[in-house]
Amino acid sequence: MKNRAVKKMIQRFFLWILCCFVLSATVQGQMSDNFSDENFTANPAWQGDAEMFTVVSGELRLNAAAAAGTAQLATTALNPNAAAEWNFYVRLGFAPSDNNYCKIYIAADNSDFSQPLNGYFVRIGENGSADGVDFYKQEGSTETLLISSTDGIAATNPVLGVKIIRTAAAEWQLWADAAGGTNYQLQGAATDNSITQADWLGVQCTFTSSNIQKFFFDNFYAGAIIIDTTAPQVVSVSVTGNGTLDILFDEAVQETAAENIVNYATNGGVGAPNSAVVDGGNPALVHLTFNGGFPPNVPLELSINNIADNQGNVAAVFTEPFSYFQAAVAEPFDVLINEIFADYEGAPDVEPVLPAAEFVEIYNRSDKVLDLQNWTFGDASADKTLPAFVVQPNDYIIICAEADASAFASFGKTLALASFPSLNNDGDVLSLKNQNGELIHSVSYNSSWYGDALKENGGWTLEMIDADNPCAEASNWRASVAANGGTPGKVNSVKGTNPDTIAPELVRVGIIDNTTLQLLFDESVSSDAGFSNYTISNSIVQWQHFLPQFQNAAPYIIRAFAKQHHLYYQYQRWHL
C-alpha cells in the first residue's frame with residue numbers, strides 16, 4: 001500500500017465495510033481499485049483504449065503513442081440515485097490547459113465518453129491559470145457547471161485528492177485536497193436530481209504529444225458514504241522559529257477548536273501560545289506562536305487537547321516533544337581535523353574494509369552544539385562550503401565526496417560534499433573555517449608524518465594522537481594502527497596523551513619596511529599573544545599587531561607594526 005495517507009486508507013477501508021451493513025440506503029455496484037495488483041484488467045475490469053494505458057508502481061498511467069489525441073478507460077460502478085460517495089487521486093505532470101486536461105466520470109450512461117451521454121464528471125484543466133477542480137453535469141453533448149473549486153489549485157503539476165458526495169436529498173458536494181491526500185476541503189455544493197441511471201465510471205485524457213505519459217490516477221472508490229469516526233492524530237510537531245511551532249494532523253481539524261489557545265500548553269516556563277491559526281491552504285496544519293521564544297537547546301513538551309475534526313471526533317490528549325536548536329559559534333580548536341585518508345590504494349583487506357575513497361574526519365572536542373552550515377573545508381587550492389549539519393559535542397564526522405557517502409555511512413556520521421577537494425598523497429594544507437570565516441583548525445601534513453615507510457605508501461590513514469595538543473604537527477600525528485587501516489567515525493587508534501611542554505623559541509627578527517618587523521618562531525604560537533608582550537625602545541607611541549591565526553605552514557610568523565623605525569626589540573615568551 002502506498003505512503004499517501006496509508007493509515008487513513010486502512011481506517012477508511014474498515015469503515016467502508018461497516019457502512020455496507022449499516023447504511024439504510026441501498027447502493028448498487030460498489031467498487032474500489034488502487035491498482036496494487038499492477039493491472040486494470042481484473043478486479044475490476046476496465047475497458048476502452050487499453051493499449052494507451054499502463055500500471056506503473058501501483059498507479060494507472062497514460063501511455064499513449066507519440067501524437068496528440070484522447071484516450072479513455074471505463075468500468076462499472078453505481079448509479080447516482082441514492083446517497084453515495086466517489087473519491088480518487090489524480091496527478092498531472094504538467095500545467096493543465098484546454099489542450100491538456102482530464103475528465104473523471106463518476107457516473108455515465110455510456111462507456112464511450114467521446115459520445116453524447118448523461119452523467120456527471122470532474123474536469124481538471126482549462127484555459128488560463130485559474131485551473132481548478134470543477135464538477136459538471138452532462139446531458140447529451142451539453143455540459144453544465146455545477147460546482148467550481150478554488151481557482152488555481154490545479155494550475156501547475158497538480159497532485160489532487162478529490163471526493164464527491166451525493167446526499168439522500170440529491171445535494172452534491174465537491175471536496176478536494178490540493179496535497180493529494182484525504183484532508184479534503186469543501187469546494188462547494190449544488191442540488192441536482194436529473195440523472196439517476198448512469199453506472200459507468202472512468203477517465204478521459206486529452207493531451208498533446210509532450211504529455212503522452214504524464215496523466216496518473218489512483219485510489220478509485222465508489223460506494224456508501226464513508227463515515228469518519230476516527231479522531232485526528234498528530235503527525236508531527238515542527239519548530240519553525242524561536243517561538244513558533246507547526247502542528248500537522250493526519251486530517252483536517254475543526255477551526256474553532258484548533259484556534260483555541262487554551263487547548264495547548266508547553267512546559268519549561270513557556271506556557272500557552274498567544275495565537276493558534278489553521279493554515280489557509282492546509283486545514284490539517286496549525287501554526288502556534290509563543291511570546292518570549294523558547295530556551296535554546298532545551299527539551300520541551302507540547303500538550304495538545306480537545307482538537308476535533310470536521311465530523312466532531314475529538315482527539316485524546318497528545319504530548320509531543322520538541323526543542324529549539326540554536327547553534328553556538330565555534331572558536332579556534334573547538335573542532336579539529338582529526339584523521340586524514342589521502343592515499344587509499346593498498347588498504348589492508350580486513351573487515352570492515354575501508355572504502356577506496358578519500359575522506360577527512362573532524363572531531364568536536366568542545367561542549368558546544370554546532371551547525372556546520374556555511375562553514376568551509378578546503379586545501380591549499382580551494383575552500384568548499386559545507387551544508388547544514390548539526391554536530392554534537394564529542395561527535396566524529398566523516399567528510400567525503402557525495403559519490404562515496406553511502407560507502408562511509410556504516411562507519412559513522414557522514415557529511416557529503418558535491419565537490420570534495422583532492423588530497424595530495426605526499427602532503428597538503430587542510431583548513432576548517434566557521435561561518436564567519438574564522439580559522440578553526442589547520443593541518444599541513446606530509447608523508448613523513450606516518451612514521452612508517454610501509455604505511456606512507458598508501459592504505460592507512462593519518463590520525464591525531466592528542467586532541468589537547470592541536471598545534472603540534474608531525475609530533476602529534478602518526479599512521480593508524482587499526483587492522484583495516486583507519487578509524488573513520490570513531491576514536492582514533494593512536495589516541496593518547498602527547499602534551500607539548502616546550503615553549504616556542506624566537507629564531508630571528510626581520511625588518512620588512514620602516515614600520516614592520518617580522519618575528520619567526522620555531523613552532524606555531526597562540527593568537528592570544530597581545531600587544532603587551534612586545535616592547536621596543538626609542539619612545540614608541542603606539543603598537544598594533546597582526547597574527548595570521550594558525551597559518552597553514554610552520555614556522556609561524558608574527559608581524560608587529562609601529563609608527564616609526566626600530567632597531568631594538570624585547571619579547572616575552574608565551575605558549576599554546
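## Notebook: cores, sheets and salt bridges

I began with the nonpolar cores, taken as sets of buried Ala, Val, Leu, Ile, Met, Phe, Trp, Tyr and Cys residues joined through side-chain atoms within 4.5 Å. The largest nonpolar core has 48 residues, and Phe53, Ile124, Phe217 and Phe220 have the most contacts inside it. Strand S6 (residues 84-92) gives this core its largest share, five residues. I took buried as under 20% relative accessible area, exposed as over 50% and partly exposed as in between, with a 1.4 Å probe and protein chains only. Helices (H or I, at least four residues) and strands (E, at least two) are DSSP runs, numbered from the N terminus.

I noted the basis before going on: this is a predicted model, in which local features need pLDDT of at least 70 and side-chain atom pairs count only at pLDDT 80 or more, while totals for chains, interfaces and linings use all residues. Residues are numbered from 1 along each chain as its sequence is written, and side-chain values use heavy atoms, with hydrogens and water left out.

I listed the contacts (heavy atoms within 4.5 Å) of Ile124. Leaving aside neighbours within four places in sequence, Ile124 touches Val90, Leu92, Pro96, Tyr101, Cys102, Ile104, Gly132, Val133, Ala154 and Leu160. Another core lies apart from the largest one; this other core has 38 residues, including Ile362, Ile399, Leu415 and Leu462.

I then looked up Leu415, which sits in strand S30 (residues 414-417). Leu415 is buried, with a relative accessible area of 1%. With neighbours within four places in sequence left out, Leu415 is in contact with Leu372, Leu386, Pro387, Phe389, Ile397, Ile398, Ile399 and Cys400. Ala401 is 14 residues from Leu415 in sequence, and the C-alpha to C-alpha distance is 8.4 Å.

**Entry: the sheet with S30**

I traced the sheet next, counting two strands as paired if DSSP finds at least two bridges between them. The sheet is open, has six strands with mixed pairing, and runs in the order S30-S29-S24-S23-S33-S34. Its edges are S30 and strand S34 (477-479); each has a single partner strand, so one side of each is left without a neighbour in the sheet. On average, neighbouring strands of this sheet are turned by 25° against each other, direction ignored. For this, axes are lines fitted to C-alpha atoms, for helices over the stretch in contact, and angles run from 0 to 180 degrees between N-to-C directions.

Strand S33 (residues 462-464) pairs with S34 in the antiparallel sense, over three bridges. The residue opposite Glu463 is Arg478 in S34.

**Entry: a hairpin**

I looked up S35 and S36, which form a hairpin with two residues between them. Strand S35 (residues 506-513) and strand S36 (residues 516-521) run antiparallel and are joined by six bridges. Gly510 has Gln518 in S36 as its bridge partner.

**Entry: salt bridges**

I counted a salt bridge where a side-chain nitrogen of Lys or Arg is within 4 Å of a carboxyl oxygen of Asp or Glu. The structure holds ten of them.

Arg91 and Glu59 meet through their side chains at 2.7 Å, N to O. Arg91 is in strand S6 and Glu59 in strand S4 (residues 59-62), so the pair links distant parts of the chain, 32 residues apart. Arg91 counts as partly exposed at 26% relative accessibility, and Glu59 as buried at 8%.

Arg123 and Asp98 form a salt bridge at 3.3 Å, N to O. Arg123 is in strand S8 (residues 117-124) and Asp98 in the loop between S6 and strand S7 (101-108), 25 residues apart. I noted Arg123 as buried at 14% relative accessibility and Asp98 as partly exposed at 41%.

Glu331 and Lys368 also form a salt bridge, with the closest N and O atoms 3.2 Å apart. Glu331 is in the loop between strand S22 (318-322) and strand S23 (335-341), and Lys368 in the loop between strand S24 (359-364) and strand S25 (370-371), so the pair ties together parts 37 residues apart in sequence. Glu331 is partly exposed at 48%, whereas Lys368 is buried at 17%.

**Entry: totals**

Of its 576 residues, 50% count as buried.
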